[in-house]
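Please walk through this model with the structure open beside you. The tour begins at a helix, then moves on to sheets, cores and confidence.

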Amino acid sequence: MTHDRRAFIKSTAMAAATSLAAKHTFAADPPSGPPVPPGGNELPQVPGVVWNKAPCRFCGTGCHVQVGVKDGRVVAVTGDRQAEVNKGLLCVKGYHTGMILYGQDRLRTPMLRKNGQLVPISWEEAINVIAERINASPETFAFYGSGQWTIPEGYAANKFMKGGLANNHIEPNARLCMASAVTGYISTYGVDEPYNCFDDLDHCDVLLLWGNNFAEMHPVLFSRVVDRRLRGEKVTLIDLTTRTTRTSQQSDHVMLMQPQSDLAIANCIANQLIERNAWDKEFVTKHCNFRGPGSPQTLMGEPISLEQYQSSVADYTVEKVAQISGLSVEQLRLLGDVFADKNKKITSLWCMGMNQHTQGTAINNLVHAIHLLSGHWGKIGDGPQSLTGQPSACGTVRETGTLAHALPGDLRVDDEKGRHITEDIWKLPPGRINPKPGYHTVQLWEKFCSPSSAEGAINTIWVQVTNPGQSLPNLSKLFDKKAELADKFLIVSDVYPTATTALADLVLPSALWVEKNGMFGNSERRTQQWFRMVEPPGEARDDCWQILAVAHRLLELGHAGMKDRDGQFIFQQLDENTQQVPVWDWSQYYRINVDERLYEEYRAFSNIKHKHLAPYSELVKSRGLRWPVVEQADGTYQETRYRFVEGSDPFVKPGSGFQFYHSVTKDDKAFLWFRPYVPPPEMPDSEYPFWLDTGRVLEHWHTGTMTMRVPQLRRAMPTAYVEINREDATALGVRNGERVKLTTRRGELTLVAWVDGRASCPPGHVFVPFFDEQKLINLLTLEAHCPFSKEPDYKKCAVRITKIT
Amino acid sequence: MRRTDYENNLRIDEMKSTNRSSPSSNDSSDAPANVTTKPSRWITFVCACIMGLAFVGFLLGIRPQSTPPSVSKAPEMADSTAATVKDYRSLGKTGASRIPVSLISELKFLKPDLFSKVDRTDEMKADALADRAKVRAYDGAPPMVPHPIDQQSAASCLACHAQGIVIGQRVATRISHPHYTSCTQCHIETSTSGPNEPALVVENEFAGIDRSGPGVRALVGSPPVIPHTTWMRTDCLSCHGLVARAGIRTTHPWLSNCQQCHAPSAELDQKYASIPH
């Protein structure tokens with residue numbers, strides 16, 4: 001009894017100390033405006049050039065740029081020195097962003113396929129074609145969008161589909177990119193998105209990269225870490241990777257692991273923490289519930305006891321995991337040492353390596369778990385954080401809910417309450433929203449590539465701001481089959497001809513980046529806004545306008561779903577004299593700021609799960625603000641750097657230190673997961689003896705549609721290649737620069753071999769970048785996906801390599 | 001005489017470069033130092049070298065012919081105006097004055113004297129600025145790298161660009177922002193040193209801004225104000241110092257506190273507050 005009381009007093013005292021410490025940490029480092037960089041805050045002065053802010057068009061880092069405009073054209077781009085994310089620095093893609101607008105083959109007019117040829121048509125005809133096609137069969141229509149949709153575009157598309165057509169077949173390409181991070185966050189903390197932010201990179205002592213070529217994929221953030229070394233700070237980089245990259249070159253420890261073994265490595269770290277009695281009992285007891293996978297595994301699993309947890313991870317001894325992973329026992333012990341050290345601040349980062357994974361949810365759960373277990377959580381520089389590859393995978397897809405099961409604000413279509421809230425905000429008659437989730441991406445394209453007579457077939461897809469003809473896995477099965485099916489109809493809104501427009505029946509020319517108003521949300525919960533600065537070329541028009549125009553045409557055709565419960569158009573906008581603004585008429589579209597209207601309507605959703613978005617007017621003034629952005633007593637708005645952490649997150653109950661207020665078990669605790677190692681579905685064998693990994697390179701972004709039109713970037717990296725180990729090349733008799741054929745169970749592709757190039761694969765592994773539309777590596781990749789996130793694994797399948805003689 | 005020396009040196013260079021993979025090659029070039037003093041040791045040494053080379057040759061001979069060469073094919077020219085060289089040694093050959101050295105460490109000492117007269121004409125200046133513009137998409141874009149890079153580390157960039165080197169008429173300027181270390185994040189090659197098959201080639205109609213100079217002088221004889229942004233340029237001497245393109249070198253390199261006389265112009269001081277967003 002005395003013992004219990006003493007323990008209680010001790011734990012209370014420690015909790016008080018922890019919360020004080022937490023407060024102190026955050027108070028000591030207030031967000032007191034952006035630091036002034038060397039060289040000052042001046043912008044270059046060039047006569048006639050007007051500068052304006054915008055987030056970069058490319059990745060999820062969310063750098064801000066200043067765009068120089070002269071005579072209606074972008075003439076320069078410079079890093080925005082007031083931006084906290086990039087502090088004035090950009091990467092080579094960022095510096096050349098302005099040039100993506102000016103590729104000679106910009107799409108300038110709508111085109112309809114007639115007798116096999118795409119021929120120019122008017123916008124009116126184009127909008128009619130789409131509306132009539134949807135009206136004829138609304139339930140076989142699907143929308144396929146993107147993490148590059150702006151927030152208002154994604155919101156409008158989602159409302160159009162789920163609120164207007166009562167059809168949930170709307171998916172984003174982000175399903176292929178960060179869906180596993182989403183399920184990872186939801187099944188750990190009960191609510192999506194990183195709790196922490198990039199400030200961690202300025203403070204961590206150890207940076208642990210989980211299958212993430214950080215130097216090439218998020219170069220500005222990478223610099224933010226490695227440049228600290230020049231200031232005399234010590235930061236240890238651990239590169240847990242399947243190939244040696246530019247990131248490895250700057251890392252202190254390069255740990256080459258076997259594909260999929262990240263699951264075993266994470267469990268091995270947990271096991272070492274338990275064995276050494278180095279886990280944070282205080283933190284875990286107060287803030288975590290142990291969770292097991294269940295049998296069979298489910299997304300939310302089942303509760304387990306500490307003993308069950310201990311016995312589950314006990315299997316993952318360093319010796320056994322050394323066998324599975326290819327890491328040495330010493331390397332595994334080093335990882336154990338790092339997490340056992342309470343005095344070091346550890347930041348774990350990951351992107352596609354952990355997300356494009358057939359056990360993507362599981363590995364996300366496990367990396368959160370080892371941080372929670374070791375107590376390396378919730379302090380600046382000390383915690384796990386996922387990165388995104390697209391500029392608005394977070395802001396648009398995750399927050400406005402453009403996924404087949406989701407509604408804005410983290411609500412779900414299969415949850416009655418979520419539907420009611422949504423119908424209420426959208427002023428829809430009750431029961432309008434379909435409770436059945438739509439098809440996820442792989443399913444959606446399978447259904448599009450099935451004959452129309454087949455059960456549940458999809459007949460029409462409208463693609464915006466993405467290029468599935470290049471980025472889907474197993475392309476012959478999921479995309480190219482469309483060519484054989486005459487009654488399928490593919491609508492593509494894009495800025496350049498792509499592998500997707502090649503099979504399109506209707507092509508719509510879109511406005512790009514600063515040719516329209518826009519908003520993005522980067523991967524640290526930062527909502528960003530920009531204004532249109534130049535006119536789009538030819539007849540290109542905003543994607544958002546395209547959606548509103550089709551919706552209005554459907555209204556004219558008598559589609560009941562386009563009216564709200566008061567009989568008004570679901571996208572009705574009134575001017576200051578309460579007169580309807582015909583936003584479906586392009587000449588009137590910019591009479592009001594449609595972005596602001598849609599965003600302010602959508603903002604109501606963000607308060608439901610404490611994701612308070614800042615008012616549009618606040619975003620105009622800032623270089624993005626990290627939600628929740630909460631109004632203060634004096635009328636100012638305060639952003640939040642760390643959620644669930646007292647002293648930073650205003651929603652945390654005072655005195656609790658940490659509070660997971662959206663906990664699945666409703667007890668303010670996070671789930672501390674055990675998930676087992678599961679071998680990958682396809683592994684090298686005698687017939688297909690190599691591992692095939694795919695990914696990006698520094699110069700190109702995604703499918704290269706934009707960056708391949710920038711000569712500087714194209715010349716530096718003009719073609720896809722196969723990165724192959726010197727030993728393997730020698731055994732195959734392949735010299736540098738010679739052509740080889742790659743064959744998997746799904747397809748084959750001829751590529752040039754690159755030995756000892758920019759990066760290097762270990763023997764038995766090859767790597768191919770996916771940016772080159774003339775060398776579609778996704779003809780070879782596997783569509784097997786994570787059972788919960790439905791995200792396919794582009795990182796591992798079995799391939800055969802033969803020399804071309 | 002000078003020319004012969006140069007050619008002799010070149011031959012040694014070639015020998016060094018062909019034998020670079022063999023550890024014995026460095027010893028062989030040191031050998032002449034021993035020649036006059038100790039003939040017997042010299043004979044032993046030469047024999048050892050010959051045997052060593054023969055042994056290495058034998059090993060090379062028995063290796064399978066299919067070993068991939070470590071140097072990939074010659075890079076393509078970025079465009080007709082941006083000169084590209086195959087390797088560091090050939091940098092010297094592209095210039096008018098041939099410099100009889102090949103080692104970067106020796107080149108580092110080849111700097112003009114601090115007080116030597118600097119000739120500068122408007123023509124030279126225009127040339128220097130044109131040369132500068134060749135490797136930039138617009139004024140303000142990070143310059144491209146007009147030579148192959150080995151991709152290995154910042155240290156390999158800094159071998160030349162930490163101090164700056166003049167090789168013939170080409171200049172490796174010294175880094176003007178030494179607080180950044182991930183060089184290839186911003187600076188990429190003008191043409192690839194990797195695979196280069198026919199690519200999707202689409203013309204780009206972007207027309208970037210040009211340089212903003214020359215700097216305004218308040219009165220005849222006043223020092224000109226800085227005609228460009230100083231952002232990311234913490235060191236004026238990286239472009240204007242002793243190791244710099246001829247036309248934009250300072251005529252008074254012994255004065256090192258540049259901003260004492262050359263002010264950022266009032267126009268340049270455009271703060272964020274004065275622009276709309």
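In helix α5 of chain A, the buried residues are Ala179(A), Ser180(A), Ala181(A), Val182(A), Thr183(A), Gly184(A), Tyr185(A), Ile186(A), Ser187(A), Thr188(A) and Tyr189(A). A residue is called buried if 20 or more other C-beta atoms lie within 10 Å of its own, exposed if 12 or fewer do, and partly exposed in between, with C-beta atoms placed from the backbone. Helices (H or I, at least four residues) and strands (E, at least two) are DSSP runs, numbered from the N terminus. What covers them? The cover of the buried residues in α5(A) includes α14 (352-355), α15 (360-374), β14 (383-386), α16 and β25 (670-673) of chain A. Just after α5(A) comes Gly190(A), with a positive phi of about 85°.

A word on the ground rules. This is a predicted model, in which local features need pLDDT of at least 70 and side-chain atom pairs count only at pLDDT 80 or more, while totals for chains, interfaces and linings use all residues. Residues are numbered from 1 along each chain as its sequence is written, and chains are lettered from A and ligands numbered from 1 in the order in which they are written.

Two strands pair if DSSP finds at least two bridges between them. Four bridges join β20(A) to strand β21 (residues 526-530) of chain A. Across them, Gly518(A) faces Trp530(A) of β21(A).

Now turn to strand β30 (residues 765-769) of chain A. Five of its five residues are buried, so the strand is largely enclosed by the rest of the structure. Both faces are covered. One side holds His765(A), Phe767(A) and Pro769(A), and the other holds Val766(A) and Val768(A). Strand β26 (residues 690-695) of chain A pairs with β30(A) in the parallel sense over five bridges. There, Trp691(A) has His765(A) as its bridge partner. Strand β27 (residues 721-724) of chain A pairs with β30(A) in the antiparallel sense over two bridges. In that pairing, Ile724(A) is bridged to Val766(A).

Leaving out residues up to four places away in sequence, Val766(A) touches Phe690(A), Leu692(A), Val722(A), Glu723(A), Ile724(A), Cys761(A), Val799(A) and Ile801(A). Contact here means C-beta atoms, placed from the backbone, within 7 Å. Val766(A) is among the residues with the most contacts inside the largest nonpolar core, which has 246 residues. Helix α21 (residues 543-556) of chain A gives the most to this core, with nine residues. A nonpolar core is a set of buried Ala, Val, Leu, Ile, Met, Phe, Trp, Tyr and Cys residues joined through C-beta atoms within 7 Å. In soluble globular proteins, nonpolar side chains tend to be buried together. A second, separate core of eight residues includes Cys160(B), Ile167(B), Ala172(B) and Cys239(B).

That brings in chain B, which has nine helices and two strands. Buried residues make up 21% of its 277 residues.

How far can each chain be read? pLDDT is the predictor's confidence in each residue, from 0 to 100. Chain A has a mean pLDDT of 94. Chain B averages 67, with 54% of the residues at 70 or above. Within chain B, the mean is lowest in helix α1 (residues 2-18), at 38, and highest in helix α9 (residues 237-240), at 88. Where pLDDT is low, the predicted coordinates should not be read in detail. For the complex, the predictor gives an ipTM of 0.82 and a pTM of 0.86.

Note on methods. Contact = placed C-beta atoms within 7 Å.
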